[in-house]
Amino acid sequence: MTKTAIDLPPKGGFSFDLCRRNAFLESQGAKMPKFRKTGTTIVGLVFKDGVILGADTRATEGEIVCDKNCEKIHYLAPNIYCCGAGTAADTENVTDMVSSQLELHRYATSRESRVVTALTMLKSHLFGYQGQVSAALVLGGVDVTGPHLHAVYPHGSTDTLPFATMGSGSLAAMAVFESRFKEGMTKEQGIEVVCAAICAGIFNDLGSGSNVDLCVITKGGKEYLRNYQQPNPRSYTHSKGYHFTTILSSKIRSLRNHVRVVEGDAMEEE
Amino acid sequence: SIMSYNGGVVIAMKGKGCVAIAADRRLGVRGHTVAMDFQKIFEMGPHLYVGLPGLATDTITVAQRLKFRLNMYELRENRRITPKTFASVVANLLYERRFGPYFVEPVIAGIDTKTGEPYICNTDLIGCLNEPDDFVVSGTCVEQAFGMCEALWEPDLEPLDLFETISQALVNAFDRDAMSGWGAVVHVIEKDKVTVRTVKTRMD
């Protein structure tokens with residue numbers, strides 16, 4: 001919606017029409033509000049049959065936890081998933097956009113999507129915006145060429161790795177991976193290591209918390225395990241809620257004890 | 001901060017087959033209260049309401065832009081929009097201005113007329129959706145509001161109980177914030193009716 005009143009709605013992409021006004025407001029001393037970030041611990045690991053992606057579920061806005069159970073593992077294609085860290089709106093929109101582009105690409109080529117296709121689409125978009133679109137991603141999937149795992153940084157650089165961590169809890173998770181990762185792990189071993197890495201982030205990093213989400217992708221298909229582990233249950237609620245009635249007085253009258261027959265015959269009762 | 005220039009708070013809660021959305025009524029210019037009847041909750045359909053706390057000029061502009069997009073949708077599709085789709089429209093409007101955003105953090109509350117499912121969500125100022133099962137808060141006293149809602153909310157509240165709960169949460173939260181208050185308005189949306197009540201509050 002730009003200049004004239006009869007303009008058609010914009011065709012997509014970013015609109016910069018409020019930038020001048022916002023810059024003026026900032027120069028007048030008003031502070032820019034904080035965007036919702038995902039704080040986050042996100043990890044990925046290549047095991048014998050495919051890829052396991054893991055993420056925590058806390059979203060923060062400044063110092064406040066605004067979502068205790070958000071979803072950070074985003075769908076890109078039936079065989080490709082992507083964990084997102086950084087500004088939540090950016091990760092959400094970038095993965096949605098690449099997911100649509102991949103679907104169109106699948107229709108155009110009549111083939112299953114490849115992980116490197118998603119990787120190239122993501123990195124060229126992020127590089128084009130010179131890091132202003134703040135999305136740090138762990139991209140993983142299995143295609144005809146095998147399992148792949150990549151880390152994508154906000155400025156558009158990528159790493160191809162057997163195990164990757166991103167986000168504020170990445171150091172805690174990487175410590176677990178570096179000590180416990182082995183080539184060619186089984187699915188159970190892989191899940192255990194990924195859970196341990198995410199839990200390290202949840203308990204030691206302030207920007208990560210709540211539950212562990214997992215996604216296991218193999219040649220045969222994918223398993224999206226939402227809230228696979230919930231190591232932070234809420235243990236202190238009042239089960240029936242609170243009541244606002246004011247009680248003025250209360251009195252308890254205990255009932256008389258029944259007579260117990262010690263010896264002799266008990267009285268017959270109807 | 002820009003978001004606390006005018007002040008204001010909006011809360012929405014889910015109940016059993018109903019949703020409630022409530023807001024304060026203050027409009028201020030930093031410390032100076034200018035109006036006590038400023039509308040922050042806008043009707044976008046018989047079962048769909050959006051609350052827009054934040055910078056007041058953007059509240060009004062975003063409400064008008066959303067109404068326009070909604071009208072275009074209803075003309076093109078010839079049906080009412082569902083709350084989930086409307087949330088995507090809001091998120092798109094805000095993310096479009098990613099590098100020069102509107103200073104509002106919308107709260108959406110509605111009932112899907114086909115399924116009867118209640119729906120609430122809120123977004124940050126660049127359109128990141130958050131769709132929890134319990135309550136959403138937005139505005140200058142989010143910290144107080146989060147505390148009140150966490151303590152008072154319980155699942156499956158009936159409409160009258162939901163009204164009591166959301167009113168208590170809102171009023172006690174904004175009583176601890178200098179920038180919001182001066183009256184409260186609560187909408188309780190059920191499948192067959194919407195009840196709008198104004199609540200008596202402290203006016204300081």
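Select F14 of chain A: F14(A) counts as buried, at 18% relative accessibility (buried means under 20% relative accessible area, exposed over 50% and partly exposed in between, with a 1.4 Å probe and protein chains only). This is a predicted model, in which local features need pLDDT of at least 70, side-chain atom pairs count only at pLDDT 80 or more, and totals for chains, interfaces and linings use all residues. Residues are numbered from 1 along each chain as its sequence is written, chains are lettered from A and ligands numbered from 1 in the order in which they are written, and side-chain values use heavy atoms, with hydrogens and water left out.

**Stop 1: aromatic rings**

Over all chains, the structure holds ten aromatic pairs; rings of Phe, Tyr and Trp (its six-membered ring) pair if their centres lie within 6.5 Å, and planes under 30 degrees apart count as stacked, over 60 as edge-to-face and the rest as tilted. Helices (H or I, at least four residues) and strands (E, at least two) are DSSP runs, numbered from the N terminus. F99(B) is partly exposed, with a relative accessible area of 23%.

Now move to F163(A) and F181(A), a tilted pair with 4.6 Å centre to centre and 40 degrees between the planes. F163(A) lies in strand β10 (residues 163-166) of chain A and F181(A) in the loop between α4 (170-180) and α5 (187-204) of chain A, so the pair links distant parts of the chain, 18 residues apart. F163(A) is buried at a relative accessible area of 14%, and F181(A) is buried at 16%.

Which residues form one aromatic cluster with F14(A) and F99(B)? Select F16(A), Y129(A) and Y95(B) as well, and the cluster is complete.

**Stop 2: two helices in chain A**

Chain A has five helices and twelve strands. Of its 270 residues, 44% are buried. Show α4(A) and α5(A). Two packed helices are described by the angle between their axes and the distance between the axes. Here the angle is about 150 degrees and the axes are 7 Å apart; axes are lines fitted to C-alpha atoms, for helices over the stretch in contact, and angles run from 0 to 180 degrees between N-to-C directions. The two helices, α4(A) and α5(A), are therefore roughly antiparallel to each other (angles under 35 degrees count as roughly parallel, over 145 as roughly antiparallel, 65 to 115 as roughly perpendicular and the rest as oblique).

On the α4(A) side, select A172(A), A173(A), V176(A), F177(A) and R180(A). On the α5(A) side, select E192(A), V193(A), V194(A), A196(A), A197(A), A200(A) and G201(A). These residues make the contact, where contact means heavy atoms within 4.5 Å. By class, the contact of α4(A) with α5(A) has nine nonpolar, one polar and two charged residues; Ala, Val, Leu, Ile, Met, Phe, Trp, Tyr, Cys and Pro count as nonpolar, Asp, Glu, Lys and Arg as charged, and the others, Gly among them, as polar.

**Stop 3: two helices in chain B**

Go to helix α1 (residues 56-77) and helix α2 (residues 83-96) of chain B, whose axes come within 11 Å and cross at roughly 130 degrees. That makes α1(B) oblique to α2(B).

What does α1(B) bring to the meeting with α2(B)? Select V62(B), R65(B), L66(B), R69(B), L70(B) and Y73(B). They meet T85(B), F86(B), V89(B), V90(B), N92(B), L93(B) and E96(B) in α2(B). The residues of this contact divide into eight nonpolar, two polar and three charged.

**Stop 4**

Select F146(B) in helix α3 (residues 142-152) of chain B. F146(B) counts as buried, at 17% relative accessibility. Leaving aside neighbours within four places in sequence, F146(B) is in contact with I64(A), V65(A), C66(A), F135(B) and V137(B). The C-alpha atoms of F146(B) and A169(B) are separated by 8.8 Å, and these residues are 23 residues apart along the chain.

Next is T165(B), in helix α4 (residues 159-174) of chain B. Is T165(B) buried or exposed? T165(B) counts as buried, at 10% relative accessibility. Not counting residues up to four places away in sequence, T165(B) touches M13(B), L152(B), W153(B) and L157(B).

Finish at V199(B), in strand β12 (residues 194-199) of chain B. With residues up to four places away in sequence left out, V199(B) touches F163(B), S167(B), V171(B), G183(B), A184(B) and V186(B). For G183(B), 16 residues apart from V199(B) along the chain, the C-alpha separation is 6.5 Å.
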